[in-house]
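Colleague: Hi, I'm new to this one. Could you walk me through it?

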Amino acid sequence: MKLVKLNRRYKAFKDWGHTWAFRWDGYDPKSCNVVESIMKELYGSQYRWNEKEYRDWRATFGSPRRNGPRPYWVSFKDESVASVVLLKLQN
């Protein structure tokens, strides 16, 4: 898992205005589900009916690499969320 600063090259930045993301090289259910559950505690579900509300965080698959797995992304807007998630992962 890596913490990535997003800019205009990334879809999450363009579509939802997210500036930070956790990135895995492939979907790892063990660690991905832990981060997703922490995000659900902080913001609630990523799937909401109102379009403006669901933009707090998103979990998506990225574009496939040549002969490799798809990267998995959990993106969000605020840098302080990354600190909270990393602290909760330590416990």
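Modeller: Helices (H or I, at least four residues) and strands (E, at least two) are DSSP runs, numbered from the N terminus. This is a predicted model, where local features need pLDDT of at least 70, side-chain atom pairs count only at pLDDT 80 or more, and totals for chains, interfaces and linings use all residues. Residues are numbered from 1 along each chain as its sequence is written, and side-chain values use heavy atoms, leaving out hydrogens and water.

Colleague: OK, so what should helix 3 span, with its 12 residues?

Modeller: It should span 16 Å, at 1.5 Å a residue, and the end C-alpha atoms of helix 3 are 18 Å apart, which agrees.

Colleague: Which residues of helix 3 are buried?

Modeller: V81, A82 and V85. Buried means under 20% relative accessible area, exposed over 50%, and partly exposed in between (1.4 Å probe, protein chains only). Down the axis of helix 3, the buried residues fall within an arc of 100°, so they line one face of the helix. That arc is taken from the directions from the helix axis to the C-beta atoms.

Colleague: And what's on the other side of helix 3?

Modeller: L87 and Q90, which are exposed there. The buried residues pack against strand 1 (2–5), strand 2, helix 2 and strand 4, with contact meaning heavy atoms within 4.5 Å.

Colleague: Switching to the largest nonpolar core, which residues touch the most other members?

Modeller: F22, W24, V35, M39, V74, F76 and V85, out of 15 residues. Such a core is a set of buried Ala, Val, Leu, Ile, Met, Phe, Trp, Tyr and Cys residues joined through side-chain atoms within 4.5 Å.

Colleague: Which element gives the most to this core?

Modeller: Helix 2, with four residues.

Colleague: What does W24 touch?

Modeller: Not counting residues up to four places away in sequence, W24 touches M1, S31, C32, V35, P71, Y72 and V74.

Colleague: Last topic: where is S45?

Modeller: S45 sits in the loop between helix 2 and strand 3. S45 is partly exposed, because its relative accessible area is 35%.

Colleague: How far apart are the C-alpha atoms of S45 and Y10?

Modeller: They are separated by 22 Å, and the two residues are 35 residues apart along the chain.

Technical notes
The expected span of a helix is 1.5 Å times one less than its number of residues.
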